[in-house]
Structures are given as C-alpha cells and as structure tokens.
There are 2 protein chains.
Amino acid sequence: MLDPLFRPASVAVIGASNRRLTIGYRIIENLLESGFNGAIYPVNPRAAFVRSIPAYPSILDVPGEVDLAHVIVKNTSVPGLIEECGRKGVKVAIINTSGFREVGGEGIALERKLVETARAHGVRLFGPNCQGIINTDPEVSAYCNFTFTRPLPGPISLVAQSGGVAEVINNRLFELGAGLRMYASNGNACDISIPEIIEYWGDDPGTKVIICHIESLADPAELLRVARKVGRRKPILGFKSGRTRAGARAVSSHTGGLMKEDTTTRLVFREAGMLSFRDQASLCEAAYALAAQPLPAGKRIGVVTNAGGPAIIGTDELVEAGCSVPELGEATRRKLRAVLLDEACVTNPVDLMATGRPEHFREAVRALLDDERIDGILLSFITPFFVDCEGVAREVAALVRGAAKPVVGVVMTRKASWQVTLRILRDAGIPVFDLPESGARALAAMTRVAEGRAVAKEAPAVLSGHNRGAAAAIVDEALARDRSFVPQERAFKLLAAYGLKTPPAVETGTLEQTLEAAAEIGYPVVLKIERDDVVHKSEAGGVIVGLRDEAELRLAFEELAHRFPRAGSRFLVAAFVTGNGPEVILGGKQEEGLGPVIAFGLGGIFVEALHDVEFALAPLSMRRARELIRSIRGYPALAGARGRKPVDVDRLADALRRFALLLADNPRITEADVNPLLAPLAGGDPIALDARFKVEKSQEEHRG
Amino acid sequence: MLDPLFRPASVAVIGASNRRLTIGYRIIENLLESGFNGAIYPVNPRAAFVRSIPAYPSILDVPGEVDLAHVIVKNTSVPGLIEECGRKGVKVAIINTSGFREVGGEGIALERKLVETARAHGVRLFGPNCQGIINTDPEVSAYCNFTFTRPLPGPISLVAQSGGVAEVINNRLFELGAGLRMYASNGNACDISIPEIIEYWGDDPGTKVIICHIESLADPAELLRVARKVGRRKPILGFKSGRTRAGARAVSSHTGGLMKEDTTTRLVFREAGMLSFRDQASLCEAAYALAAQPLPAGKRIGVVTNAGGPAIIGTDELVEAGCSVPELGEATRRKLRAVLLDEACVTNPVDLMATGRPEHFREAVRALLDDERIDGILLSFITPFFVDCEGVAREVAALVRGAAKPVVGVVMTRKASWQVTLRILRDAGIPVFDLPESGARALAAMTRVAEGRAVAKEAPAVLSGHNRGAAAAIVDEALARDRSFVPQERAFKLLAAYGLKTPPAVETGTLEQTLEAAAEIGYPVVLKIERDDVVHKSEAGGVIVGLRDEAELRLAFEELAHRFPRAGSRFLVAAFVTGNGPEVILGGKQEEGLGPVIAFGLGGIFVEALHDVEFALAPLSMRRARELIRSIRGYPALAGARGRKPVDVDRLADALRRFALLLADNPRITEADVNPLLAPLAGGDPIALDARFKVEKSQEEHRG
C-alpha cells in the first residue's frame, strides 16, 4: 500500500533550509503553495523555523507521526538518516539526493547499503536520485517535489523514470488543458517500483488514465503482470525512450543501467495491452482524450467540419492510424441534406462549409451520434468571424455531454480571441486540439484501447491432442546423455508429441543403415549431417535435398562424410517433402521472468536480411497467434499474391500455438527453432522440415 | 510577374460593405489594420463611404490606377465585373466568391467563362473560391484576405491550396514565434498557379523558406520545373493531403478534382528536391528552424543538455530521422572534462546535470561548435529554479549569433515564468521548441535540405555505349506492323541497343525451327509463347524453363502448342540463364509532362504482394539510380544477407540508367518492363531475362 507516499498525513523534510535556491526550501514552499492537507516537519539541526514552520534538529525530535520523509542530505549520510527514520516509524522516504547507482563505483555500494538499512528498519524507499510525487486530490494536495510546474487537477496519473521527462509530460498536459491526478518520478527506483505504483493507481478511484515512461525496464515480468491486471479497467499509455543505439547508450550513462535492445519493452507493452507511443505529444494528446471521453465501440469515425482542407488532413491521419472514415448511410445523408446548407457536402467528412451555423453543427453531430455505423466523431472547426462560434460551441456541448460515443474537437483559431468558444467546449468535457492530426491520433488511440479491451475479454481456447509426458521424456533423455541439443530425429518426435507434423525420418550412422532407412521411407529423400556444432546446417553444406534414388543417396552420403570428416558421425535421412506453401520460421527463447518468447517470420531473406520478425509470449491464444502472423511486414506474401494460393492462417496459427505450448510446458528447452515450417494452404497441414531444441537442466537438476 | 498581386500600389474591393460580418467589410478592415501602404478603393453602388473611405459605384468610376481588385459579388456576376476590371486596367483580381468548379455542373461552365473573359481582357485571376494573399513586407503591408490571423513578419512564405490549411499553418507558425513573409491561398487556381507563386518567391529577397500545401497536383511538370530551380536557393517544404483513399475522396468533393493516387506527388516532391512532410506540426517546425539558422554541413549532431531523459528522447528522434549522434572526439572530451562539473557526462549527449551553470553551457556549446566531427547542435534545456537560466540563455545566445553551425533549442519549462529566458534565445535567432522531438525533427529536416543541395550540385555522368538509331528503328518497325508490343526477340535487341545484356534468343514458328534454334543457342534452353495478349506469361503457363535436351524441348513445345492453340503461334527459344544474383524488376511508364517514370523493385513477391516498389524520373544520374536501388524496403536482401553475396550496386545502377535512357530517348515506348533482371554480383553483368515494350505512335504519326 502506497498511501503513506501518495496520501501522507504528515511530511518531514530532512535537510529543510531557509536558503531559497535549495531543494530543502523549495519542497516546503511547494507543500505550502499547494495547500497540503497535513503537517509539515522541517528537520534542520541549525534552524528554529523554516518558512515560518517550527523546525526540529532531527527526525527523532519530531513530535507527531511521520508518514513521509524527504531526505535531501549528502549521499553518504543517507543510510544513517534512514536508520533514524526507521526508529521514528517513518513509513516512506523520498530520497532526492543523488550520487548512488547512477554514478557507478562506490555509488552502487552506497545504494545497496541504503536498501539494506531501509529493509532492516521497515522504511519503504522512493528514489534515490529522484524528484518525488504530486497528488492533486483535494483531500491531500501533496506537492512533495522540488519542481514547480503546478498541474491542473484531473484524472491522469503519470509515472516516469526520468524526472526531466516527467516534467516535460506534466507541462504538456498542462498546456493541453488536461488535468493530472498523481505524479511520480522515482529515479533509481531502488525499492518502490513503477509496476508497484501502477498497481496502486489501479485502485485509485480518481485515476482514469495512466501514463508510464520507461528508460530501462528493470522487471518486465512484474510490469506485465500489473499492467495486464490494471489495464483491464484503465488505459495505460507507455513511452519507452532509448529506442535507438545512440539513445540506449545515453540511457546507459544516464541511469547506470545496461544498454538493452528495445524488443522486450515493446513486447511487454503489447502483451500487457498497453498503448505504445513514440513521441510525447501524441502520448499526452491520447491521455487527454481518454480521460475526457467514453471509449468508442469500433473504429468507424465520422468527421464534421466547416473547412474542407483540415478535415482531409484529419481523415488521412485517422486512416493511417487504423481507423476508417466510412461513407455515411443513405438515411443519414437524407437527414443531413434536409437540414444543412445547399452547398454543404453530405459525405464523410461532412463539410458544413465556412458559413455553417450553430444549428448545422447541431444537426450534423446529432446525425452522426445517431448513426449506428459511426463509432466516434472528430469535430474539425475553424472560427469564421461571420459565424456565431460561441453558439456552435454551445450546441455541440449540449449534445456531447453524456453522449455514449466519443467526440474529439479540433478548433483551429487564434486562441486569445476565441477563449469563450474554447471554454464552452472544454467545460462540456470535449478534448480540444489545435491541429487535426492531433485530434485524429487521439481518437485513433481511443479505438486501440477499446480494441485491446475486447481482446482481453476473449477466453483463450484450450489446445488438445498433445502429449506432455512424451515430450518431457525426450528432454529428459537428451539431458541424461549430457546433450545440449535434442537429436534431430528426437526433435521431430518432440514436435509430433504436440501435434506438429514432420516428415518420416531416421537417424543413421553408416551408409548401409542410411540406404536401408531410405528404402523404408521411400524416395526422394533428404540427407543431413547430425552434429550439435553445426548450427546452420544448410549454409554449412550439411544438407543435400531431392535425392531421387539409391545411387544419388550413396553419392550424397559420401560427400557429407567427406565434408564433415569425424569418426562416429551421425546422419538423418528423411522424406523429401515439397509443398506449395511458403516457408516460415518459428523461434522460441526462454526469457527471465517472461517464459518463452515466440518469434515468427517468413523464410528466405525476410528474417535474416530484412529483420521482419515479430514476437509474442507463450502460451498463445488463437487470436494472438493470428495477430502475430498478420503483424509481420511480409504478411501479404502469405495472404496470396497474384498467382499464389493463400496460406491457411488458422491452421498456421494452430501450429504456432502448439509450438508455443511445447516451450511453455518445457522450460528446460531454452531455445528452439523450426526452420523451415512449410505453411499450410487451405485444408493442408503445416510440416516442420527442420527443428532444433537447445536444452538445459533446471536449477533443481543442476543442484541435484 | 506577380507584383500587382503581392505588392499592389492600390486595391479595389468590389463588393465592399459597411456590414461588419461581411467579407466586403472585413477585407477593408484588414487592409487598414495591417497599415496597407497604398490606396484602397471600396466599390459599392449604394454606399458613399465604406469604413470612412470614399466608395465608388463601379470599378470604372475609381479615379486612380488599380493594381489589384477583390471581387466579392454573386458568382454569376463575376465574369461581367472582370470585363469591367479589364476595361479599367486592373492587373489582377482576387475572386473570393465561390460557386465555381468546386460545385460541379454549371459552376464548371461559369469558371470556364470567367477564365475566358479574364484572358480576353488581360486580367490575371487569383482564385476563385479563395481567401487571398498577405504580404508582411513593411514597404507593402497588404492583408488582402478575409481572415484575421495576423502573422508575425518574417522570412517564411506560405502557399496552400486550401484556405483552411493555410490558416492552420499560419496559426501554428505564429504560435511557434516564426515569422511570415507572404501568404497565398488560391482556391480553385483557375489562372495564377502554385508553381507560378513559388517561382515569384524564388526572386523575393525577403523569402528564405517556402511552404507549399497541395491537395491535388494540377500540373506536376510545372511544379517540378519551378521547384527544381527555386529549391537550389531556398528550401521548399511540401505537404500533400488526401494521401489515403478516404482522404482523396474528401479532396475530390472539396475541390472538384479527380481522386488520384499519391505516388506522383511524392515523386515530384522528391525529384524536385522538396522536403516532404506528413503533418503540419513538423512542417512548421522545420520551416521555423530553416528560416532561423544556417544549414548544417552534415548529419552529425551534438546534444547538450541539463537533463538526461529529454536528451535521450531527442537522440532517439534524431537517429530515427537519419542523423547520427556520434561519440565525441578525445580532445573534445578532455576539454569538457576540465571545465564541466565532476558529475557531468562527457559523452554525446553531453549532460551538464541539472546543476549545470551558465559557464558550463557556454563551454559545452563552444566545444561542439569547435569540434569538426559535429555538424549541428541540439540544445536541450530544462529551467531549474536554482540555476541562473537567463545567464544560460545569454551565454548560449552570445556564442550562437553568427556561428556557422546550426543550433536548435528545446526549452522545457512553464513558459509564463521564463519569458525572459526564452526571449534572449529567440532574439539571438535560435529557434526554440518545447519538446525534444520537435527540435530533433527540425534539425533533421535541415540536414535533409543540406543533403539535397549537395545532390543537386552533382553533375550527372553521361552514358555511353548505346545506339539510339538502332532502338528507334525497332520501335519504327513494330509500329509499322501495327503491333502494340515489340516482339520478344526484338525487345531483347532494343535492350542490347542500350547496352543491356540478354540471353541469346530466336523467335520461331514451327517445332523444326525451334529445335534448330536451340541447337544453335545450346542447351539448356527456355521456351516461351510469344503473344501480345498474354501479358503475364509465367502465370499463364506460357514459359517452360530448364529444358536440357531436344527431347525435353520437343515435349515443351507440344505442351505450349496445346495450351495456347492458335494458328500461326510464335515462340521464343532462349538460352536458360541461371545466376546467383537475385531477380529484380524494372518498369517504366510515360507520364504526361513528366516523361518516363521508372519503377524498381525486387522480384518474387516483393513488388506484387508487398508493394515494395519505388519510382524515379528518367533520365537517371548515377547517384539517383543508386538511391533508387537503396530506397526499397527489401534493399537489405540485395546488400548481402547471411550466406549471400551482395549485388554490385553500381553495375545494377548502370543498368537502371540505360533502361531509363532508352525510355527517355523513345517516348513512343509508353510502357516497359524488364521482369526479371538478374542483378549482377561483384564484377558480373546484369542480364534481362524477359522484357516487354508497349509502343504507340506519336501525335505526329497519328495525324500523319
């Protein structure tokens, strides 16, 4: 419970000061200015008062109970003071001081000591090297922070790893006119973490929308767990910086974290149902709209405008962000034709023309609110001097208040001259932007939230037809023989145990065994060298395909034996399968805390050269598996190009699910790939032509 | 010459009015308020004065000369008034009235009549259905427009087809603090066109940067010609709306233009060296930065910050926009280490920490201005209350004034509290943004302008080794025989005439001829049906490859003869070439006014299914040909994936140039494709395996 942090009844400031340009002064000033609804206890051994409030030489001298203490003293003194806080019964300490993990070397040790001390004395820590928190709830009004960008109160809560970014977002929300509920920037986050804060806000009735900025993801699994839970009720908007190599290098020097690839964060955001943003402007705009309006039921947007040009720009942006701007139904068109100006355009966008009057706006917005084929409205409004713009705002405001569909406003004007018009719209809860791109993107973000909710509600279909025991036995056997890879023939059996088809195959040692196996399998066959140290067999020349008879197989055997000279070489002879389905690749890797991450891509150059691969967490629902297939850039190649038959996406999705479940059920398979899998055409079966499973003993087995 | 439009010595307002909420009042009001430096002549048959200025019953009664007349009367009266304007000697008329082409039907006829009348009487037209112009040049101060969003004077000129978009951009520039030179929104553009306006601004010494918004491109060739010329001296920033199908449909109802694909506009922007933008915010931000700062010499950006988080976001954005944020040189690092705070990060971004003081900013900016490995600076600045922020601004301002490298500022603050700091930076000519993304994108746009200039300066290498006469003769021959396609064997000769290799091939009619030809060419061969009506031969089963001997050829011949039963069928037998180079596709199509548009893509599913194809105008310089090859998404597949040899890009570019020149030299080839072309590996030759040329008689030949 983070109530002592976000709803403190009393705040001590250890390091309070009367010098105005210090953090120890500023925090007290901020608490006073924000009208903090609790006691303030300055702690300073050399001052009787700070900002007219009695000060105490030490935290132990404070007369009342202390929920929250700011600590703003020399870094090396912090652990000692935390011990005192513990003795005093302080519940949470915000450590504003820097000079810990982020400076490396001794700072790392100091932070470790700090954490140990706090644990030992039952004090929760926020920071160090951080700004603090803000809570605008009028019952609390806590500005426990040394910045001074006072927010408007409202329903958006914001947590950001970087204090600078928290401030930028806070400022942007303010400029949009969007209100903030709680604010937290926890810097090094040695104890209280971002997921813990999000979980807390999940239960805060005043928080409707959560913004979360991350530079380096400390505990992906915990964020995933919390965001999945909270996201069902409140949209969580994620922003990750350090996406590029240069950016990640900068994160590394900024936070002392490791330089990491961005894939995991993107995957966690997606799997947790968080909306992912690439710039702060769009992030804040989406939060503003989400906080103000109901979610749309679908992605079909009606645009109402009194200027064609901006509405076209809004339409482009809506469509590119995944919405549609459909033609209106005949009934709606007829209704509009009867009430609008003759020169109005009764299509979508509905163009009322610059001369459109308040009643025209009212009728157009009403018609779209009533039209079952429209899920949300983008109102694009210029303010002509010859129109009663306040009247327009009043008519729209009256309709939108309490409407079940979202209405997002774009008012393009010189703000200073049209404050009343803007105010009327805003007071009715309509988010108002000044560019059509902003309004369109915000509305599109709302449709993504609604879509995510629908996905989350879908019950995952259960898989059947797999044999857990058989698979586990194969892994056992490989580990028992101290192999780090499951032999190819057994790998096929592993797939078969989970219902995935493979060609008939036999592992052999000698030419005679090989010929015999081939005779049994039937020609044509393929011959492969079977060695753990040859990872990319094809590239290494260890695979010869299309052997049509014994003579060809004999030659191929000799060639492989010659190319890979080693006593006791093993071979795999398998049926040579050719199909019309294109080749795809499945991959899987166990990731700390997340379980197996499943990769999917097209064969050929797509994965290797074009990096066209997408990821998902196992196990996969049918919907997620389909989504994964469709998310690669090369998907149109599977969907049936000219002269090609389309792949059976459902059967391919089923194969992905089986592969994912195999890895989820068997964490001792640390890496796996099926390369290639022949994708199925309509009614056909996917067939795995090659498979590789890396296995490792579990922790228990290692200890045993 | 558009001086009478943009620098009128006198303006008549035909349809002037004393009613405040009319355009006829507003324009006179606007001229007065802007301090117009010339005579105003209200024309109104029923008023003695308008806004205290003597009015005249007709334009013919105006005593002095009239450069420019606003026409704000009923649409059907406009042609008659234009005739009067002609008799009066009015040079240009701005037709604010709507009800012309954009309403279809009779409006189209009315607009035609208007244009004819104006031509007959020597009056240039601006509009109809338009706003007008603004010129902030203090010598002129003309606000010939019925809006009232007064701009700040400055060096950016803005032309937008849509009046609404013009206003939105004008407003945005105002909010950024960026100054406007001239403004034009010409609506239906029946006479004075956007290219003509851009050409005029090319010679306006007060215009440094040009913004151009387009909904439907009326004359791509003219825009290309003008933008190429003007763009050498002044950056032209293009914004096209109606990119999506729904957006284009809206454009169609907005302007009465045809619904068009966006490809041509994108191509013209690119070929003309215009910067292309997808949203108005980035467009305005780039214009602001380009107007304020010198161009960078390269793409290497140094970031100076006092907050890590926002600088990381700026770094991500810079890198994703094509810039680099390189490590600093050892000398620079040493220099910085000596003068900055101990806790500062002496990497790139240079993080001075929140406690960084004015002298630290000075030293960091100076070091980067002096560092030869840095081409431009992004200054990312939060305003801590404990720092002398005005001092920071003063130090930076002093260094940046007159510096040869661009410095773009991002100041993240509550603006109201830090106006002086912002003012100091702005007064030194530093563009200041409030989000790091904005500053980074603007700086990246500047590097793209600089790069475009460098490309434009490059002299195109001349091609040799092609035979124009031989190619023309083949086209002549096909047309003489009334063929709409050049026969395959001759198509190969056409390529050969421009130095492109093809396999040996012979056109045949009978089996005997076919076998004979194959014997001469040498096995293996490929056999193709040769018919104009079979466009996609492979998909239609009209191509059989890899025929290894006479027996296989004989069977193949019978199969094709059976599959395409028609008397007198023709065949092509050709050497069966297999190479390691991947297959690419070249295409070409003559486009009205632009000449041949060349298309390039990868073979296989890339062009058809993934629409991974890019375009360029012929002829191609070597640099443009290389750029075209590298611009497709699938380029990494050519650059050498794992286990693949890279394509020889220069030799492939040479082949593209030859193909483009062939089409440029022979406009009677209206469509062409080489599909596939085997791309060359290092030192190899590209080989065209199939080619198709559609031919059409020239206008003269048609008439002859």
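Student: Okay, so a residue is buried if 20 or more other C-beta atoms, placed from the backbone, lie within 10 Å of its own, exposed if 12 or fewer, and partly exposed in between. Which residues of helix 2 of chain B are buried?

Tutor: They are Ile23(B), Gly24(B), Tyr25(B), Arg26(B), Ile27(B), Ile28(B), Asn30(B) and Leu31(B). Helices here are DSSP runs of H or I with at least four residues, strands are runs of E with at least two, and both are numbered from the N terminus. This is a predicted model, where local features need pLDDT of at least 70 and side-chain atom pairs count only at pLDDT 80 or more, while totals for chains, interfaces and linings use all residues. Residues are numbered from 1 along each chain as its sequence is written, with chains lettered from A and ligands numbered from 1 in the order in which they are written.

Student: Why is helix 2 of chain B called largely enclosed?

Tutor: Because eight of its eleven residues, in the run 23–33, are buried. Those buried residues pack against strands 1, 2, 3, 4, 5 and 9 of chain B. Two residues are in contact if their C-beta atoms, placed from the backbone, lie within 7 Å.

Student: And what follows helix 2 of chain B?

Tutor: Gly35(B), with a positive phi near 75 degrees.

Student: Switching topic: how many residues of chain B are in contact with chain A?

Tutor: On chain B there are 62, and they meet 62 residues of chain A. Helix 11 (308–320) of chain B is among the helices giving at least two residues to that side.

Student: How is chain A divided up?

Tutor: Into domain 1 (1–135), domain 2 (149–292), domain 3 (294–457) and domain 4 (460–503 + 577–704), with bounds from an automatic or database domain assignment. The C-alpha centres of domains 1 and 4 of chain A lie 52 Å apart.

Student: What about Val420(A): buried or exposed?

Tutor: Exposed, because Val420(A) has 12 C-beta neighbours inside 10 Å. Val420(A) belongs to helix 15 (residues 419–427) of chain A. Its C-alpha is 6.9 Å from that of Glu390(A), although 30 residues separate Val420(A) and Glu390(A) in sequence.
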